[in-house]
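Good morning, and thank you for coming.

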Amino acid sequence: MFILNHKGHQFWELYNKIGCQGFWKIMQPLPNGLPWGNKNPMHDDPKHPPHTGVTRYYDFTLSRGTASPDGFLKQVMLVNNEFPGPLVEANWGDWIQVTVHNNISGPEDGTSIHWHGLLQKETPWMDGVPSISQCPIAPGSTFTYRFRADVYGTGWYHSHYSAQYLDGLFGAMVIYGPTHTNFDEDLGVIMVQDYFHRPYFSVLKDAQFADNTLINGRMPFNCSLAARGSTCNSSDATYSKFRVRTGKTYKLRLINSGAGSIEYFSIDNHQLTIISNDFVDIVPYNTTIVTLGTGQRTDVLFTPRGNGSIWMRTQTSGKFCGGARSVAPKARAIVLLDDHPEDAIPTTVGYSPPVDNGMCANDPLNLTLPYYPIALPKPSVTYNILINQGFNATGQKLFYMNGNSFQGDYNNPILLLAEQKNYSYPYDPKWNVVNFETNSSIRINVYNNNTSPHPMHLHGHDFFVLHEGAGRWDGVSINHPENPQRRDTQNLAPFGHVVLQFDADNPGTWPFHCHIGWHLSQGLFMTFMERPKDITQRQIPLVMAETCTKWDAFTKNNVVDQIDSGLRKRERTVRRYVESN
């Protein structure tokens, strides 16, 4: 309990809530004094969680509202009236149970929540993707997610229904576990994002410019740039602030929770030590700028020095990497050292942004070695994916993966069909399902034949990153085959390639897609079906079919908006793109 409730006030809140007797019951000695016992991050597979016997309970109410996190008043969607949403915390091996109430109205909308980065090996039906693992949570109804915290580190959750998370349906998720580095204090989550003043479907329709960039939901906007007739007051907005002690070492959990930008994070005049990418610990190395594609997470160590106050920064940069698509591509937060006054404004100077070479790449693969080593197995199959961009008959821009632009059916989730031994969908190639049958280790060679970068995310797995670069892969070169980088989201360069591989150890139907919101709305999405005959052996809870019963009832009596090739229209239909991670 001390591991999860790491802030002192939570200790006393718990004691006061359940009393001395109840507190004693839950504070019985733990193996080695820790919820994960003797598990060691170097010697124990981080994908084999302990069984703590503990469930962490959360209750989410999703609703519309108004907010002005940067001073500009706009319509938003919120979790428990918070922006960003509340933090979800658990210890490695705990169960997490989240009851979601869909109170979205004015207008009504379906919804779902995806738990980004968790493997869901025991509960693939809880992945939270409409048309893949469930039907949407219908307006006015409630659904309870229950899954194990099966890896440890920094993750996040967000709506996977259309791109609702652009309007605020997202939050951070921290799974505490063994540590392979020394630090004095966990400073917590730092979420960076591009931010839009327009509703999410307006952004998807036109892939418009971001209006601002935020750190933990804050960054004062220059209201002279606001549209005429809007409500904007910069004095209502503040910078995020962090108080630290010089000489102490802090752990920072960085998350890019944005829609489309690649963020470059730094703290003026300080080196940062990278210790983890996504949910994978790595051998520590130093840098001054941390690169974060949309959906990626990186844990760093920071040891403040000097006196006064300093700027924490994130910025987008480059013609294709996000900088050219933002009105305000820079955000700042204040780091107060020791007892420096609360109202201090730093005067420190930031590092120069990375040179724009058009690659939008993560750090070189030779720097990012997993701390727990896993040798690359021989692939049982290699599958090539070609990403192209084009236009449909109405002139709307689409993305294609091997010739198909994805469009899902919210009323017929693929996982539930697979459980019924329905494994192929020749009648609807837009579902873009690749059946890998019984293959044991799957190599994916992706070539991006367009000018946009793509942070590619795979559900249900972390993957080996074997190679990346400009042009096409030579079919031979592999970085560190004895222990390649592993993560769940990797940047793919414009007119470049990335070669990934994952072990087929998680029977299910797993999305593989770009995490840029409008790219996903334009069809850059594919589903990998893994060991389909084993899916039929799963005991999928009846409550998953119940989501479809309620959604069917809603769509029978209500017109459902569909985004069709980037154009929103009114249509009596049950189909709609899956547009967010």
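Which strands each supply at least two residues of the lining of the second largest cavity? They are β26 (463-470) and β29 (496-503), where strands are DSSP runs of E, at least two residues long, numbered from the N terminus.

Before going further, I note that this is a predicted model, in which local features need pLDDT of at least 70, side-chain atom pairs count only at pLDDT 80 or more, and totals for chains, interfaces and linings use all residues. Residues are numbered from 1 along each chain as its sequence is written, and side-chain values use heavy atoms, with hydrogens and water left out.

A cavity is a set of points, on a 1 Å grid over the protein atoms alone, where a 1.4 Å probe fits but cannot get out; lining residues have an atom within 4 Å of a point. Points are joined across faces, edges and corners, and a volume is the space filled by probe spheres set on them. The count is 7 cavities of 30 Å³ or more.

The second largest cavity has a volume of about 90 Å³. Of its 13 lining residues, Lys-47, His-461, Asp-462, Asp-503 and Asp-505 are the closest to its centre. The largest share of this lining, 3 residues, comes from β29. By class, the lining divides into 4 nonpolar, 3 polar and 6 charged residues; Ala, Val, Leu, Ile, Met, Phe, Trp, Tyr, Cys and Pro count as nonpolar, Asp, Glu, Lys and Arg as charged, and the others, Gly among them, as polar.

The largest cavity has a volume of about 100 Å³. Its lining has 4 nonpolar, 7 polar and 2 charged residues.

Note on methods
1 Å grid on protein atoms, 1.4 Å probe; cavity = no way out; pocket = protein on both sides within 12 Å on 5 of 7 lines; lining within 4 Å. Helix = DSSP H or I, 4+ residues; strand = E, 2+ residues; numbered from the N terminus.
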